[in-house]
Amino acid sequence: MLVEVKVPVLSETIAEATLVSWHKKQGEFVERDENLIDIETDKVVMELPASVAGILAIIKGDGTTVVSSELIATIDTEVTAVTAPARKIVSSGKKSIAAVKPAMLPAARRMAAKKNIKTEEISAISGTGRGGRITKEDVVVHVESKFTPGATTASAAIFAGNRPEQRVAMSRLRLRIAERMVQSQSTAAILTTFNEVNMQAIIDFRARYRDKFEKEHGVKLGFTSFFIKAVVAALKKFPIVNASVDGNDIIYHGYYDIGIAVGSPRGLVVPIIRDADRLSQAEVERQVADFSKRAREGKLTIEELTGGTFSITNGGVFGSMLSTPIINPPQSAILGVHAIKERPVAENGQVVIRPINYLALSYDHRIIDGREAVLSLVAMKEALEYPMSPLLEA
């Protein structure tokens with residue numbers, strides 16, 4: 001029986017996706033629940049497991065653009081033997097079957113010989129031709145992938161003496177980031193206001209409570225939860241900063257879904273901490289740690305990356321001292337956090353050294369006036385400079 005392998009049903013906000021890389025080759029035996037392929041949308045990379053065990057026949061190759069529910073492969077659950085010039089026996093647990101090594105087209109053989117590709121290396125080449133045959137282009141892509149690991153049919157390496165260049169197609173995530181950043185700057189009247197915060201109180205709190213906090217809650221006490229709590233406190237005082245624009249309307253959100261910009265191998269992603277005002281500091285820290293881990297692993301879900309009423313981005317983890325963050329539409333404001341540096345400041349008529357962090361609040365001047373922007377940033381500063389004990393919360 002032939003079982004169809006289709007693209008999962010995508011979110012209403014996602015029109016299409018890209019087949020990143022098949023983990024199994026044409027004609028190979030696959031086990032049930034084994035990951036067949038990674039599928040990239042503009043938000044996440046999804047794994048597609050096999051629903052049954054059998055022989056895989058690939059219809060759509062790496063780099064193909066697909067839509068929701070599109071057929072990309074089949075799995076033959078009844079194949080016991082096949083006829084092909086080259087075969088190898090693969091154990092299926094209960095029986096043995098012959099897995100086909102895809103044939104090479106003549107042009108592909110000539111290209112392989114020209115590039116000095118060894119016979120045993122040919123098995124690593126994914127065939128995109130009819131019936132899984134290896135084409136000349138497949139050989140070229142294989143050679144390019146050795147020049148830059150992870151290269152696909154959407155990349156091209158050009159060698160010119162000792163001055164190599166490479167053209168690589170943007171990933172869907174990078175295209176989406178580019179689209180949203182241009183959208184933000186072309187549709188919103190973005191202005192940025194700055195302030196500085198003395199982080200000494202928070203540093204002292206962390207030094208005092210770090211071990212006890214981790215022992216009691218099972219998670220480390222970082223800086224991010226302090227910033228999130230400070231942001232929520234300010235948004236409650238100035239609801240317009242938590243609002244968004246929809247046509248000629250202003251939507252005031254009665255909840256606080258805070259996006260946290262996180263770096264990942266695919267690029268910047270912004271998972272959302274829902275109802276941040278209802279979470280304890282320990283619960284916030286758990287979510288931040290979980291999001292960071294799964295962002296690195298590429299396992300955040302579409303739902304976790306959708307929505308948000310306000311965002312925080314921390315360029316300080318990379319050493320940034322000051323920046324003007326770009327609003328994440330349709331939100332109307334974003335807080336930029338930077339590196340903590342010891343600097344001389346005046347206190348009570350004396351110059352002292354304090355750990356200072358520069359804060360930057362970018363806001364949409366269409367609906368947020370300077371007064372509300374400045375005062376909301378001051379409210380964040382005050383909440384950070386006079387924090388409550390994180391152990392007072394459940």
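Biologist: Which residues lie nearest the centre of the second largest pocket, and how many residues line it?

Modeller: In this predicted model, 27 residues line the second largest pocket, and R180, M181, L268, V270 and N328 lie nearest its centre. The volume of this pocket is about 670 Å³.

Biologist: Which elements give two or more residues to the lining of the second largest pocket?

Modeller: They are α4 (172–187), β18 (267–269) and β20 (310–314). Of the lining, α4 gives the most, with 6 residues.

Biologist: How do the lining residues of the second largest pocket divide into nonpolar, polar and charged?

Modeller: The lining has 14 nonpolar, 8 polar and 5 charged residues. Among those nearest the centre, R180 is an arginine, and Arg counts as charged.

Biologist: What residues make the contact of α6 with α8?

Modeller: From α6 come F226, F227, A230, V231, A234 and K237, while α8 brings S376, A379, M380, A383 and L384. These contact residues divide into 9 nonpolar, 1 polar and 1 charged. The crossing of α6 past α8 is right-handed.

Biologist: What makes α6 and α7 oblique to each other?

Modeller: The axes of α6 and helix α7 (residues 281–297) cross at roughly 120 degrees and come within 9 Å. The roughly perpendicular range ends at 115 degrees and roughly antiparallel needs over 145, so the label left for this pair is oblique. Here too there is a right-handed crossing, with α6 passing α7.

Biologist: Which residues of α6 and α7 make their contact?

Modeller: On α6 they are T224, S225, F226, I228 and K229, and on α7 they are Q281, V284, E285 and V288. This contact holds 4 nonpolar, 3 polar and 2 charged residues.

Biologist: Now for the backbone. What is the peptide bond from P329 to P330, cis or trans?

Modeller: The bond from P329 to P330 is cis, with omega near 10 degrees. You will find P330 in the loop between β20 and β21 (333–337).

Biologist: And what is the phi of S69, positive or negative?

Modeller: Phi of S69 is near 70 degrees, which is a positive value in a residue other than glycine. Most residues other than glycine have a negative phi. S69 sits in the loop between β7 (65–67) and β8 (71–76).

Terms used: Residues are numbered from 1 along each chain as its sequence is written. This is a predicted model: local features need pLDDT of at least 70, side-chain atom pairs count only at pLDDT 80 or more; totals for chains, interfaces and linings use all residues. Side-chain values use heavy atoms; hydrogens and water are left out. A crossing is left-handed if the near helix is turned anticlockwise from the far one by less than a right angle, and right-handed if clockwise. Helices (H or I, at least four residues) and strands (E, at least two) are DSSP runs, numbered from the N terminus. Contact means heavy atoms within 4.5 Å. On a 1 Å grid over the protein atoms alone, a cavity is a set of points where a 1.4 Å probe fits but cannot get out, and a pocket is an open set with protein on both sides within 12 Å along at least five of seven lines; lining residues have an atom within 4 Å of a point. Grid points are joined across faces, edges and corners, and a volume is the space filled by probe spheres set on the points. Axes are lines fitted to C-alpha atoms, for helices over the stretch in contact, and angles run from 0 to 180 degrees between N-to-C directions. Angles under 35 degrees count as roughly parallel, over 145 as roughly antiparallel, 65 to 115 as roughly perpendicular and the rest as oblique.
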